[in-house]
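Please keep the sequence and the structure in view while reading.

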Amino acid sequence: MTGGTFEIGPQNGALSIHTSRAGVAGKMGHDLRIEVTEWRGTVTMTPDNPAECSVRVVANSPSLRVREGSGGAKALTDSDRAEIEKTTHEKMLRTSKHPEIVFESTSVSGVTSPAPPTTAVVDGQLSIFGEPRPLRLDMRVEPDGAGYHVSGEGIVRQTDWGIKPYSAFMGALKVKDEVKISFDVKVGPS
């Protein structure tokens, strides 16, 4: 397999945020899958020394789009999607003032044997509002032609950045503080 530094983005992968609901009226709301439609990144792969691998991803926060809503008392409408996106952009992430969310790895550890699939833990810093906080990602890497298929996820607590999770009906319906970040991308030569 090929080592080197590779560019990644929506053209070869997906980056998503998954929310879940809580509260006594939680059954009324939806668990959401929100796609980051504009992002770019650089991955350095070193097959002989996985601990030297690194990743840096920059997400355009105004590009978050609600793609799916599961559960809930009624189906998620286009109007619901638009309202969720507006609230997320204007009130929660303040995207006009903070248009980028950045993840930069600091270490790779827990690498399993090189026999595929390989799993690893990637630790790094996630910066929202320009404020870095630790983020741990569990990752799975499999050979894919001359490159790799890389997937994984991590958990982010909104309140770590002072973001108040969405709530309605005087807190009876709310989004859980913990949201899941997931990624699924092809890394390697074009």
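Q: Is Val36 buried or exposed in this model?
A: The model is a predicted one. Val36 has a relative accessibility of 5%, and a residue counts as buried when its relative accessible area is under 20%. Val36 is therefore classed as buried.

Q: In which strand is Val36 placed, and what distance separates its C-alpha atom from that of Leu15?
A: Val36 has its place in strand E4, which covers residues 31–36. Leaving out residues up to four places away in sequence, Val36 touches Leu15, Ile17, Ala59, Asn60, Ser63 and Leu64. Val36 and Leu15 are 21 residues apart along the chain, and the separation of their C-alpha atoms is 5.6 Å.

Q: Which residues touch the most other members of the largest nonpolar core, and which strand gives the most to this core?
A: The largest nonpolar core has 41 residues. Those touching the most other members are Leu15, Trp39, Leu126, Ile128, Val150 and Val187. The strand that gives the most to this core, with 5 residues, is E14 (residues 178–187).

Q: Which residues does Trp39 touch, not counting residues up to four places away in sequence?
A: Trp39 is among the core residues that touch the most other members. Its contacts, with residues up to four places away in sequence left out, include Ile8, Gly9, Pro10, Gly13, Ala14 and Leu15.

Q: How many helices and strands does the protein hold?
A: Helix H1 covers residues 78–92, and one of the strands is E8, at residues 100–109. The protein has 1 helix and 14 strands.

Q: How far apart are the end C-alpha atoms of helix H1?
A: Helix H1 has 15 residues, and at 1.5 Å a residue it should span 21 Å.

Q: Which residues of H1 are buried, and which strand is included in what covers them?
A: The buried residues in H1 are Glu85, Thr87, Thr88, His89 and Met92. Included in what covers them is strand E7 (64–70).

Q: Where is Thr95 found, and which residues does Thr95 touch beyond four places in sequence?
A: Thr95 is found in the loop between H1 and strand E8. With a relative accessible area of 8%, Thr95 is buried. Not counting residues up to four places away in sequence, Thr95 touches Ser61, Pro62 and His89.

Q: What is the phi of Arg94?
A: Most residues other than glycine have a negative phi. Arg94, in the loop between H1 and E8, is not a glycine and yet has a positive phi. Its value is about 45 degrees.

Q: Over the ring of which residue does the charged end of Arg94 sit, and how far from the ring centre?
A: Arg94 counts as partly exposed, at 36% relative accessibility. The charged end of Arg94 sits over the ring of Phe129, and its distance from the ring centre is 4.2 Å.

Q: What is the phi of Phe129?
A: Phe129 lies in the loop between strand E9 (118–128) and strand E10 (131–144). Phe129 counts as buried, at 11% relative accessibility. Its phi is positive in a residue other than glycine, near 60 degrees.

Q: Which residues are in contact with Ser151, leaving aside neighbours within four places in sequence?
A: Ser151 is found in strand E11 (residues 147–157). At 17% relative accessibility, Ser151 counts as buried. With neighbours within four places in sequence set aside, Ser151 is in contact with Asp138, Met139, Arg140, Phe183 and Asp184.

Q: How far apart in space are Val175 and Ala22?
A: Val175 is found in strand E13 (residues 173–175). Among the residues Val175 touches, beyond four places in sequence, are Thr19, Ser20 and Arg21. Val175 and Ala22 are 153 residues apart in sequence, and from C-alpha to C-alpha they are 5.8 Å apart.

Q: What radius of gyration does the protein have?
A: With 190 residues, a compact globule would have a radius of gyration near 16 Å. The C-alpha atoms fill a box of roughly 55 × 30 × 30 Å along the principal axes. The radius of gyration of the protein agrees with the globule value, at 18 Å.

Terms used. Residues numbered from 1 in each chain as written. Predicted model: local features only at pLDDT ≥ 70, side-chain atom pairs only at ≥ 80, totals over all residues. Heavy atoms only, no water. Helix = DSSP H or I, 4+ residues; strand = E, 2+ residues; numbered from the N terminus. Expected span 1.5 Å × (residues − 1). Buried < 20%, exposed > 50% of the residue type's maximum accessible area, 1.4 Å probe, protein only. Contact = heavy atoms within 4.5 Å. Lys NZ or Arg CZ within 6 Å of the ring centre and 35° of its normal. Core = buried A, V, L, I, M, F, W, Y, C linked by side-chain atoms within 4.5 Å. Rg over C-alpha atoms; globule rule 2.2 N^0.38 Å.
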